Amino acid sequence: MNTPKVHYFYLWRHRFVDDATDQIVVRTCFGITGNPVNRIHNYEGHVGHVVKFAKLWAGPERLIREIENRIKVDFFQHTVVGTGGFRYEWINEEVKFDDIVNWVNWEVENTFIGITEVKE
């Protein structure tokens, strides 16, 4: 019997200065990966500084993909829209980070049994 490969669902908070308003904006990025260290390295290569996931959950690949799909649906109206109307895996700054974490925790406890939070 094959053991399912562990995958990870993450949240990352990113602060940046909005060029249009000169204000600091904090958005939450979400996603999945089979290798958190490599994923962090990719983000660091794009943003030019050290990145640390704010929250990380582990579980079977199928469940991790399902929770990612669920957040895309449930937060669709709050995702960041870029060039050409493309929606990114970023939740806009109007949604509080704690609300996103509470949503994930509720889903993990009630829908996605088998996913666990990774504690540092």
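Modeller: Buried means under 20% relative accessible area, exposed over 50%, and partly exposed in between (1.4 Å probe, protein chains only). In this structure, Tyr-10 and Phe-53 are both buried. The model is predicted: local features need pLDDT of at least 70 and side-chain atom pairs pLDDT 80 or more, while totals for chains, interfaces and linings use all residues. Numbering runs from 1 along each chain as its sequence is written, and side-chain values use heavy atoms, without hydrogens or water.

Colleague: How many aromatic pairs are there?

Modeller: Rings of Phe, Tyr and Trp (its six-membered ring) pair if their centres lie within 6.5 Å; planes under 30 degrees apart are stacked, over 60 edge-to-face, the rest tilted. By this rule, the model has seven aromatic pairs. Tyr-10 and Phe-53 form a stacked pair, because their ring centres are 4.3 Å apart and their planes meet at 20 degrees.

Colleague: Which parts of the chain does that pair link?

Modeller: Distant ones: Tyr-10 is in strand β1, whereas Phe-53 is in the loop between α1 (36–47) and β3 (55–60), 43 residues apart. Helices (H or I, at least four residues) and strands (E, at least two) are DSSP runs numbered from the N terminus. For Phe-86 and Tyr-88, the centres are 4.7 Å apart and the planes at 65 degrees, so this pair is edge-to-face. Phe-86 has a relative accessible area of 49% and is therefore partly exposed; Tyr-88, at 37%, is also partly exposed. One aromatic cluster is formed by Tyr-10, Trp-12, Tyr-43, Phe-53 and Trp-90.

Colleague: Which residues touch the most other members of the largest nonpolar core?

Modeller: A nonpolar core joins buried Ala, Val, Leu, Ile, Met, Phe, Trp, Tyr and Cys residues through side-chain atoms within 4.5 Å. The largest here has 20 residues, of which Phe-9, Leu-11, Ile-67, Ile-71, Val-104 and Ile-115 touch the most other members. Two or more residues come from each of β1, β2 (24–33), α2 (61–74) and α3 (97–110). Helix α3 supplies the largest share, six residues. Apart from this core lies another, of twelve residues, including Cys-29, Val-51, Ala-58 and Trp-90.

Colleague: What does Ile-67 touch?

Modeller: Contact means heavy atoms within 4.5 Å. Leaving out residues up to four places away in sequence, Ile-67 touches Phe-9, Trp-103, Val-104, Glu-107, Val-108, Phe-112 and Ile-115.

Colleague: Is His-7 buried or exposed?

Modeller: His-7, in strand β1, is buried because its relative accessible area is 7%. Beyond neighbours within four places in sequence, His-7 is in contact with Thr-33, Gly-34, Trp-57, Ala-58, Gly-59, Glu-61, Ile-64 and Arg-65.
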